[in-house]
Amino acid sequence: MSELDRKRDRTPAPQDWTYAPAPESRDVVSIAEQYGHFVGGEWLEPAETYETISPSSEEPLARVGQGMQQDVDRAVGAARGAFADGWSSLPGSERAKYLFRIARLLQERAREFAVLESLNGGKPIKESRDVDLPLAAAHFFYYAGWADKLEYAFPNRRPRAVGVAGQIIPWNFPLLMLSWKIAPALACGNTVVLKPAETTPLTALLFCDVLRQAELPPGVVNIVTGDGRTGAAIVEHPDVDKIAFTGSTEVGKAIQRQLAGTGKKLTLELGGKAANIVFDDCALDQAVEGIVNGIYFNQGHVCCAGSRLFVQESIAEPLIEKLKRRLTTLRVGDPLDKNTDVGAINSAMQLDKIKELVAAGVEEGAEIYQPPCTLPEKGYWFAPTVFTNVAQSYRIAQEEIFGPVLSVLTFRTPEEAVEKANNTPYGLSAGVWTEKGSRILWMAQRLRAGVVWANTFNRFDPSSPFGGYKESGFGREGGRHGLEPYLRFDE
Amino acid sequence: MAQAPVVPTGFELPLEPRLPRIGSVDAVALEERAASLAKRSIKKDAKVFALELAIRVTDLTTLEGADTPGKVAALSSKAIRPDPSDPSIPSCAAICVYPNLVPTARERLQGTGVKVAAVATGFPSGQYPTAIKVADVRSAVELGADEIDMVIDRGAFLSGRYAKVYDEVVRVKEACGDAHLKVILETGELGTYDNVRRATLLAIAGGADFVKTSTGKISPAATLPVSLCMLETVRDVHEETGRRVGFKAAGGIRQAKQAIQHLVLVHETLGPDWLTPDLYRLGASSLLNDILMQLRKERTGRYQGPDYFTLD
Amino acid sequence: MSRLPVKKTYKLFIGGAFPRSESGRTYEAEGQNVARGSRKDARDAVRVARAAQPGWAAATAYNRGQVLYRLAEMVEARVPEFAELCSGRDEVEQAIDRIVWYAGWADKLPQVLGGANPVAGPYFNFTIPEPTGVVAVLAPDEPPLLGLVTRLLPPLVGGNAVVAVASETRPLAAVELAEAIATSDLPGGVVNLLTGFRKELAPILASHMDVNALDVCGSDGDAPELERLAAENVKRVVHGRADVQSPWEIASFLELKTVWHPMGQ
């Protein structure tokens with residue numbers, strides 16, 4: 001054996017290629033010690049504050065205001081003032097230019113926002129960088145173009161603005177949900193009072209700086225932070241003309257009750273328990289990717305997550321094997337690491353809820369699988385989880401977990417798949433995986449859900465309407481249809 | 001694949017939807033997955049590891065009409081010691097040449113661990129009678145090739161004569177004797193990922209030790225999605241049968257960054273077991289110097305210029 | 001000796017049949033004894049509506065349009081009878097024309113309300129309207145025929161099944177319409193008409209967990225309470241007007257479904 005041969009032999013066989021940490025730099029964003037409410041273009045000193053943290057480390061990031069009745073009053077007042085004082089009568093073409101500016105500013109400052117989003121919300125930087133931020137900017141760009149074309153979207157209906165829109169958004173896609181709400185509202189000539197989620201206020205507060213740079217007239221967008229009490233104050237405010245809410249079905253129902261008889265416009269985008277249906281003729285490896293993307297994207301904190309996996313029994317075994325193997329390659333950890341696939345659970349409360357439901361699943365007799373992974377000691381973490389042998393009656397197959405937990409059920413025929421998939425009070429989204437075109441359309445027609453992803457999952461686009469059937473809410477966001485909730489018609 | 005019991009109809013059916021099945025591949029989702037893996041950020045130690053590994057799995061290649069003994073001898077020396085100024089840099093896996101140049105390479109590589117690979121079977125088109133292809137392989141092996149890189153008959157494949165493709169792989173494998181067989185699919189001519197998957201399975205069924213993307217003569221060659229598609233097929237075969245088939249990405253890989261992306265692909269698809277020259281190869285010519293530059297940059301902290309690396 | 005006429009019994013219309021109220025109750029309206037629908041009648045009506053809805057929705061749009069046009073034919077054939085039960089011939093003719101107008105929408109809605117969406121990626125993406133499911137309609141008291149037709153047709157043409165509560169004070173036109181419906185080609189259960197006291201029936205329908213949408217047009221004053229009840233299963237609540245004719249009225253009872261599919265080789 002030559003020397004070189006021996007050298008080759010001595011070189012240890014590469015058994016473990018550990019990726020070195022690749023953290024995105026935090027320096028790109030600066031966080032103030034304390035934030036107030038953004039009202040009438042200025043910062044209101046909050047009467048009460050609370051701490052907002054990084055869920056991946058429990059590190060305190062800033063103190064933010066707990067919005068009180070008087071804060072909401074002032075915000076609504078500012079919005080009403082701005083509505084009356086020029087915004088609603090501004091030509092659509094001018095409104096459009098403000099929105100285009102915002103879109104561009106978000107693109108320019110994307111890295112800063114992405115880092116802050118991951119810090120405050122716990123989602124992997126690759127998602128905030130590649131999904132949340134590009135889509136947020138795209139939403140503003142899309143709706144900017146509609147601002148001066150509303151009469152073409154609604155011919156013969158003479159559309160006009162509703163007035164002041166109260167908007168309450170969730171913590172799973174903080175900036176993206178803000179853009180879903182604010183962009184169409186402004187395009188239609190409304191002014192806005194928006195409350196970001198209690199646990200994720202920081203990108204909404206940073207967004208106020210974008211509004212400053214865009215020179216948006218004061219009062220057109222007002223941001224009040226706080227918990228459910230602040231949200232309730234917005235919902236109940238008599239001078240708010242329209243409420244847009246994204247969040248849990250429970251709160252959505254309460255809001256609908258609250259608004260009964262007020263004549264206020266309402267759109268609700270609520271919970272889901274989506275069926276992701278896999279047929280035995282599907283492109284298997286891509287289906288596995290779709291399943292993983294469907295439930296582990298954003299730690300499963302997605303209202304349209306594919307949380308119920310229906311697998312045709314004839315392919316169940318190899319598919320589940322593939323899925324489990326794929327789970328072992330998921331990288332769980334520091335949200336700011338560019339290689340992280342699954343980040344932190346958004347809050348201690350959410351983690352408790354996930355743990356409770358997972359415990360219920362184990363107790364009910366489902367078989368649990370979690371890939372080996374070391375979770376950080378500090379912060380809120382939950383390993384990607386798959387339950388097999390799940391019965392339709394188990395809580396994990398019925399209730400929205402809103403975490404990285406997949407329930408696997410099986411079916412035999414397309415008819416049965418549709419029946420089981422629709423057997424839920426929810427109806428937000430569904431997935432179908434098959435190579436047979438006619439079956440895709442047959443399934444898509446029968447699934448009672450607002451979005452059907454065929455041979456893909458969790459795709460979003462500003463031009464594509466999104467929203468639920470049944471208890472998943474009503475109204476659509478995105479596309480031409482997403483304008484309608486923000487308009488009145490003089491028909 | 002499970003088969004039906006023998007029936008008097010004269011044919012057999014695969015009856016179970018088990019792996020490895022021919023199945024189909026969704027192009028959009030495959031490309032998205034490949035693109036997302038390409039975004040892995042490989043830094044510091046992990047990068048040095050990857051760059052060294054890339055060298056160890058490289059088949060340093062020259063496949064020109066103008067190849068001469070001088071050129072091949074120089075390249076062989078480069079394969080043995082890629083960076084004369086740094087003896088810690090490992091050797092390449094092999095030299096890949098036309099059969100006529102095998103003796104030159106053989107002579108220069110004698111006593112080293114670097115293998116000699118010869119392209120054969122009417123490379124690159126494969127449009128020759130089977131007997132000539134087999135003879136081509138035999139002669140290459142006799143000339144001293146350790147490894148044979150054959151091409152499949154794409155004409156036969158695209159006209160649906162899969163049996164001919166399969167049969168040729170079987171016969172070439174026989175002709176190889178102890179030489180390792182890499183089967184080149186020339187994916188750039190196959191048109192769809194469905195075809196890539198099908199051809200991969202055909203090659204493996206025919207006895208390939210390695211499946212290889214491309215000749216390097218056609219673009220596109222070893223794209224990330226095509227590699228991923230083949231790796232997933234290799235994985236299916238392994239999971240169902242336990243058989244480990246090697247994979248070689250060749251053609252169009254010129255930069256260290258691309259090489260690392262390919263390594264990430266195999267790492268996250270087949271796992272660390274495949275991160276060895278026994279099961280993974282990169283076919284390249286100009287890639288090596290870029291890797292050397294990156295490695296020296298990692299070691300010195302200074303960006304490098306081409307004048308400091310040998311052109312061979 | 002003059003002949004004694006045979007008097008009609010005014011009954012409910014559920015599942016294509018004309019049952020009396022299971023409660024055995026009636027009330028007097030317009031000088032007649034009219035069935036006073038009960039909570040169980042409402043429940044039965046919702047059940048048959050739910051069963052009939054998928055078939056109605058699955059019919060081709062062309063077919064739904066023809067069936068509704070046939071309904072207009074059936075009403076046209078009874079103009080004098082209807083005229084006596086409402087404000088007169090004008091109202092009947094308007095009602096007929098409205099049915100014809102809506103019948104024509106059946107096969108145009110998806111083109112007007114849906115479309116293809118130019119998403120930024122290799123996907124084909126389209127949005128189509130679909131029926132929301134079972135719709136409860138509180139018809140206005142006046143006009144007795146045109147009001148009912150105005151609120152009934154929009155959910156119907158969109159592929160929903162309907163449980164309607166007729167005008168409480170002037171229910172006879174609704175019963176007459178039920179007879180026209182029964183002789184049209186509308187499948188049993190797609191339209192169900194309840195007569196009785198709205199205050200009794202409306203809360204049952206508003207709180208029913210298998211009703212998808214509620215048109216509170218005919219609610220007198222209790223709409224806020226009905227809306228609160230409707231929130232329990234996130235019903236779509238529609239404040240319909242008795243005198244409007246527009247495709248957007250149909251849209252109120254439709255869901256939008258968006259379908260994605262990759263485009264690749």
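## Where chains B and C meet

Five residues of chain C are in contact with five residues of chain B, where contact means that the C-beta atoms, placed from the backbone, lie within 7 Å. On the chain C side, those residues split into three nonpolar, two polar and no charged. For that tally, Ala, Val, Leu, Ile, Met, Phe, Trp, Tyr, Cys and Pro count as nonpolar, Asp, Glu, Lys and Arg as charged, and the others, Gly among them, as polar.

A word on what you're looking at: this is a predicted model, in which local features need pLDDT of at least 70 and side-chain atom pairs count only at pLDDT 80 or more, while totals for chains, interfaces and linings use all residues. Residues are numbered from 1 along each chain as its sequence is written, with chains lettered from A and ligands numbered from 1 in the order in which they are written.

## Where chains A and C meet

Chain A puts 34 residues into its contact with chain C, and chain C puts in 25. On the chain A side, helix H10 (249-259), helix H16 (437-446), strand S17 (451-454) and strand S18 (473-474) each supply at least two residues. Helices (H or I, at least four residues) and strands (E, at least two) are DSSP runs, numbered from the N terminus. That side of chain A divides into 15 nonpolar, 11 polar and eight charged residues.

An open sheet of 10 strands runs in the order S13(A)-S14(A)-S15(A)-S12(A)-S11(A)-S16(A)-S17(A)-S10(C)-S4(C)-S3(C), with mixed pairing; two strands pair if DSSP finds at least two bridges between them. Strand S13 (367-369) of chain A and strand S3 (115-116) of chain C sit at the edges with a single partner strand each, so one side of each has no neighbour in the sheet.

In chain B, eight strands close into a barrel in the order S1-S2-S3-S4-S5-S6-S7-S8, with parallel pairing. Three bridges join strand S6 (residues 210-212) to strand S7 (residues 246-250) of chain B, and B:Val211 stands opposite B:Phe247 in S7(B).

B:Val211 turns up again in the largest nonpolar core, which has 177 residues; B:Val211 is one of the members that touch the most others, along with A:Val278, B:Ile95, B:Ile148 and B:Val183. Such a core is a set of buried Ala, Val, Leu, Ile, Met, Phe, Trp, Tyr and Cys residues joined through C-beta atoms within 7 Å, buried meaning that 20 or more other C-beta atoms lie within 10 Å of the residue's own. A second, separate core of 174 residues includes A:Trp180, C:Leu71, C:Leu138 and C:Ala231.

## Two domains in chain A

Chain A is assigned domain 1 (37-270 + 471-490) and domain 2 (275-462), with bounds from an automatic or database domain assignment. Their C-alpha centres lie 29 Å apart. Across the boundary, 24 residues of domain 1 are in contact with 26 residues of domain 2. H5(A) gives the most to the domain 1 side, with seven residues.

Methods. Two residues are in contact if their C-beta atoms, placed from the backbone, lie within 7 Å. A residue is buried if 20 or more other C-beta atoms lie within 10 Å of its own, exposed if 12 or fewer, and partly exposed in between; C-beta atoms are placed from the backbone.
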